[in-house]
Amino acid sequence: MTAENGDVTTENTHRVQIEYCTQCRWLPRAAWLAQELLTTFEQELTELALKPGTGGVFVVRVDDEVIWDRREQGFPEPTAVKRLVRDRVAPDKSLGHSEK
């Protein structure tokens with residue numbers, strides 16, 4: 001939703017953060033996942049942040065809630081993360097072929 005001055009209003013705003021390990025050189029993986037999410041949820045997300053970290057971290061958060069942690073779940077497939085993001089930001093949205 002856009003205010004009269006063109007700014008996005010805070011209603012229904014969602015932020016995704018991907019924290020990745022710089023020591024492990026996981027920036028390309030994080031950037032690729034970010035691209036997939038921004039392409040799929042271009043209307044639903046107001047921000048997607050890449051957060052450098054260390055110690056083998058690869059964590060995806062939606063609105064500060066951890067939805068994926070590599071230490072517990074391994075590396076995510078984009079379709080799995082898309083489903084988890086969709087469930088929080090646009091439950092009625094179809095993911096097309098990713099749903100199969």
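Reader: What makes β1, helix α1 and β2 a right-handed β-α-β unit?
Author: In this predicted model, strand β1, helix α1 (residues 27-40) and strand β2 form that unit. A crossover is called right-handed if, with the strands pointing away from the viewer, the path from the first strand over the helix to the second runs clockwise. Helices (H or I, at least four residues) and strands (E, at least two) are DSSP runs, numbered from the N terminus.

Reader: How do you know that β1 and β2 pair?
Author: Pairing needs at least two DSSP bridges between two strands. β1 (residues 15-21) and β2 have seven, in the parallel sense, so they pair by that rule. One example is I18, whose bridge partner in β2 is L50.

Reader: Why is α1 called oblique to α3?
Author: They pack at about 45°, with axes 10 Å apart. Angles under 35 degrees are roughly parallel, over 145 roughly antiparallel, 65 to 115 roughly perpendicular and the rest oblique, so α1 is oblique to α3. Axes are lines fitted to C-alpha atoms, for helices over the stretch in contact, and angles run from 0 to 180 degrees between N-to-C directions.

Reader: Which residues of α1 and α3 meet?
Author: W32, L33, E36, L37 and T40 in α1 meet P78, V81, K82 and V85 in α3, contact being heavy atoms within 4.5 Å.

Terms used
Residues are numbered from 1 along each chain as its sequence is written. This is a predicted model: local features need pLDDT of at least 70, side-chain atom pairs count only at pLDDT 80 or more; totals for chains, interfaces and linings use all residues. Side-chain values use heavy atoms; hydrogens and water are left out.
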